[in-house]
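Subject: Structure for you to look at

Hello,

Here is the structure we talked about. Please open it alongside this message and follow the residue names as you read.

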Amino acid sequence: MADNAPNKKSFKAGHVIFRQGDIAQSCFLVSAGELDLSRADSDVLDKKFAKVIKGEIVGEMSMIGDTPRTATATVLQDVELVEISRDDFEAQLGRLNPFMQRLIRLIVQRLRDPTTTLTRG
């Protein structure tokens, strides 16, 4: 991180870290605890689709794609997070060679595109 001073945060179970549709100003590294990711869709108001555990990052896709959050992150078990600001995130991304920057942005764009079908072969 640019300033070498991690922004550590703690939250209790049930706390919402960010909501679907929010504008991303940071992403988070989970250093303890667990988060649930959920998404509102036409059939279900709050459909859980993933769990984020220690060592994983959440909120990165909105940072890379510079788009609103596609999910809501809610604390499942008391959590400790390291917040990574947009400036620090962009600085790290900017250190990559241009090909890798473009590849990462393309992958995120394809993951967000509802017409993209992912299959296992």
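Which pattern does the chain follow when read along the sequence? The pattern is β-β-β-β-β-α-β-α-α, with three helices and six strands in the chain. Please keep in mind that this is a predicted model.

Some totals come next. The chain has 121 residues, and buried residues make up 27% of them. Among contacts with a separation of 6 or more, 71% are between residues 24 or more positions apart.

The core

The largest nonpolar core has twelve residues: Ile17, Phe18, Phe28, Val30, Leu35, Leu37, Val52, Val58, Ala73, Val75, Val79 and Leu81. Strands β2 (16–18), β3 (26–39) and β6 (72–85) each supply at least two residues of this core. Apart from it lies another core, of eight residues, including Ala24, Ile84, Phe89 and Leu93.

Val58 is one member of the largest core. Which residues is Val58 in contact with, leaving aside its neighbours within four places in sequence? They are Phe18, Cys27, Phe28, Leu35, Leu37 and Val52.

Salt bridges

Side chains of opposite charge can pair when their charged atoms come close. In this model the count comes to six salt bridges, and three of them are described here.

Lys9 and Glu83 meet through their side chains in a salt bridge, 3.2 Å from N to O. Lys9 lies in strand β1 (residues 7–11) and Glu83 in strand β6, so the pair ties together parts that are 74 residues apart in sequence. Is Glu83 buried or exposed? Glu83 has a relative accessible area of 17%, so it counts as buried, the cut-off being under 20%. Lys9, at 30% relative accessibility, is partly exposed.

Asp78 forms a salt bridge with Lys12, and their closest N and O atoms are 3.5 Å apart. This pair links distant parts of the chain, with Asp78 in strand β6 and Lys12 in the loop between β1 and β2, 66 residues apart. Lys12 is exposed, with a relative accessible area of 60%, whereas Asp78 is partly exposed at 43%.

A salt bridge also joins the side chains of Arg86 and Asp66, at 3.6 Å from N to O. Arg86 is in helix α2 (residues 86–94), Asp66 is in the loop between α1 (60–65) and β6, and the two are 20 residues apart. Arg86 is buried, with a relative accessible area of 17%, while Asp66 is exposed at 58%.

The pocket

Rolling a probe the size of a water molecule over the atoms shows where empty space is left. How much space lies in the largest pocket? The value is about 270 Å³. The lining of the largest pocket has 16 residues, and Leu37, Phe49, Glu60, Met61 and Thr70 are the ones nearest its centre. Two or more lining residues come from each of β3, β4 (47–52), β5 (57–58), α1 and α3 (98–112). Helix α1 gives the largest share of the lining, three residues.

Regards

How values were computed. Residues numbered from 1 in each chain as written. Predicted model: local features only at pLDDT ≥ 70, side-chain atom pairs only at ≥ 80, totals over all residues. Heavy atoms only, no water. Core = buried A, V, L, I, M, F, W, Y, C linked by side-chain atoms within 4.5 Å. Buried < 20%, exposed > 50% of the residue type's maximum accessible area, 1.4 Å probe, protein only. Helix = DSSP H or I, 4+ residues; strand = E, 2+ residues; numbered from the N terminus. Contact = heavy atoms within 4.5 Å. Salt bridge = Lys/Arg side-chain N within 4 Å of Asp/Glu carboxyl O. 1 Å grid on protein atoms, 1.4 Å probe; cavity = no way out; pocket = protein on both sides within 12 Å on 5 of 7 lines; lining within 4 Å. Points joined across faces, edges and corners; volume = space filled by probe spheres on them.
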